[in-house]
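Please keep the structure in view while reading.

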Amino acid sequence: MINVQPYANPMYFVWLVLALIPLMVGLFYGRRLQIYEAILSAAVLVLIFGGNKWHQGVALIVYMIWQVVLVQVYARYRRQHNATWVFIVTVIVSIIPLVLVKLTPAITGGHNSWWGFLGVSYLSFKAVQVIMELRDATIKTMPIWDFVRFLLFFPTVSSGPIDRFRRFQKDYTEAPSQSDYLDMVGKGVHSIFLGLLYKFVLGYLFGSVMLPSVAQAALAQRGAFFGLGLSWPLVGYMYVYSMYLFFDFAGYSLFAVGVSNLMGIDTPVNFNQPFRALNIKDFWNRWHMTLSFWFRDFVFMRTTFFIMKHKLVKNRVHVSQVAYLVNFLIMGFWHGVTWYYIVYGLFHAGAIIINDIWLRYKKRHRKQLPHNRWTQALAIVVTFNVVCFSFLIFSGFLNTLWFTHGMR
């Protein structure tokens, strides 16, 4: 059996659009062909997790059974009870597969976990979100097939964006009007073609053409600046990698949004000109927005509430600072249990805390500090460079530069 990786090449879109034509015709006339969509979704998932990836398919099936049983048990429990410890245990049990996936390579010297499969992180975010919203009673019931369909929506299964259940369910159960659907098709086609430019042109240029050259040049100067390898090629690597990371990931996200639109689902966008951000907080409101907002709503806000409820920290400013530290530290660990991911999380926690201190200072001294297009331009430049430096940390290249001398 063949194995297909989503959005890996332009032909994927040709075959996918052909398969979507019946569904699109139905939506044009105000009907969602649910049976056909279910068959198509199952076929795509088999192609993604079949062939030489069959072990991932088995892991996905076991994972889905795990989450379905857990959510159904908690939903039934939540109708009559609301003990905090039960909620916490439920969340912990839900993320056990993800924790195993992240910890296993660090423990076993690089071997992947049996639980690992494409998209396990994003499915886990959705599952935990549902559990938390059941706790908050913003979701009253969770029918099994609605939950399965939400987690396994194939355009976003591999790398997001991370949708919210109630928003997704509303789109699925209420077919758009003809004019609204035509608008969605127009947006979807635009997103797909922009994604093709980002992923297969700009992403290829920065990632496959330029990045190996600047990486080799930077490694050739390992001994620069007292053996730290700090050199102009390293600066070049920082900028090239940042561009590659953006265009590659933004391209994937645009593909997912575009295909979702063709299916009548208005999946939220993930990027909004992040390199035009005025400060680091503004950056996180523009970069990987569905992940950023997920952490804001389900980690930062809940950490803040917990600290204030239990009066662990009295000063409100310090409360938010502790919550930022927890938020970004967890985000760092989520990327992987390696020093550079953890430092990346701590770096952004420190950056956003410093940014908050600066914004409060500006507010107190607004009359003394200039505010015009030049200061805004300076803010964008500073933010851009801070972000690019964080991506250099995130890339793991410093680990190669400093700790793999024997591999030259």
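α10 gives the most to the lining of the second largest pocket, with 6 residues. Helices here are DSSP runs (H or I, at least four residues; strands are E, at least two), numbered from the N terminus. The model is predicted: local features need pLDDT of at least 70, side-chain atom pairs count only at pLDDT 80 or more, and totals for chains, interfaces and linings use all residues. Residues are numbered from 1 along each chain as its sequence is written, and side-chain values use heavy atoms, with hydrogens and water left out.

The second largest pocket holds about 930 Å³ of space. On a 1 Å grid over the protein atoms alone, a pocket is an open set of points where a 1.4 Å probe fits, with protein on both sides within 12 Å along at least five of seven lines, and lining residues have an atom within 4 Å of a point. Grid points are joined across faces, edges and corners, and the volume is the space filled by probe spheres set on the points. Of the 33 residues that line the second largest pocket, Tyr122, Ser159, Phe249, Trp334 and His335 lie nearest its centre. Two or more lining residues come from each of α5, α10 (232-262), α13, α14 (339-364) and α15 (373-395). By class, this lining divides into 20 nonpolar, 9 polar and 4 charged residues. Ala, Val, Leu, Ile, Met, Phe, Trp, Tyr, Cys and Pro count as nonpolar, Asp, Glu, Lys and Arg as charged, and the others, Gly among them, as polar.

The largest pocket has a volume of about 1100 Å³. Its lining comprises 34 residues, and Val91, Met132, Phe298, Val299 and Ile330 are those nearest the centre. At least two lining residues are supplied by each of α4 (84-108), α5 (120-136), α12 (289-309) and α13 (316-335); the largest share, 11 residues, comes from α12. The lining has 24 nonpolar, 5 polar and 5 charged residues.

How do the helices pack? The axes of α4 and α5 are 10 Å apart, at an angle of about 180°. Axes are lines fitted to C-alpha atoms over the stretch in contact, and angles run from 0 to 180 degrees between N-to-C directions. α4 and α5 are therefore roughly antiparallel to each other, a term for angles over 145 degrees. In their contact (heavy atoms within 4.5 Å), residues of α4 including Val91, Ile95 and Leu98 meet residues of α5 including Val128, Ile131 and Met132. This contact divides into 10 nonpolar, 5 polar and 2 charged residues.

Helix α3 (residues 54-78) also packs on α4: their axes come within 10 Å and cross at roughly 170°, which makes α3 roughly antiparallel to α4. Among the residues that meet are Tyr63, Trp66 and Leu70 in α3 and Phe87, Val93 and Pro97 in α4. The contact of α3 with α4 has 10 nonpolar, 3 polar and no charged residues.

Helix α1 (residues 10-28) and helix α8 (residues 178-219) pack at about 175°, with axes 12 Å apart; α1 is thus roughly antiparallel to α8. Their contact has 11 nonpolar, 1 polar and no charged residues.

Finally, glutamine 321 lies in helix α13. Glutamine 321 is buried, with a relative accessible area of 17%, where buried means under 20% with a 1.4 Å probe and protein chains only. Leaving aside neighbours within four places in sequence, glutamine 321 is in contact with Ile353, Ile357 and Arg360.

Notes: Parallel < 35°, antiparallel > 145°, perpendicular 65-115°, else oblique. Buried < 20%, exposed > 50% of the residue type's maximum accessible area, 1.4 Å probe, protein only.
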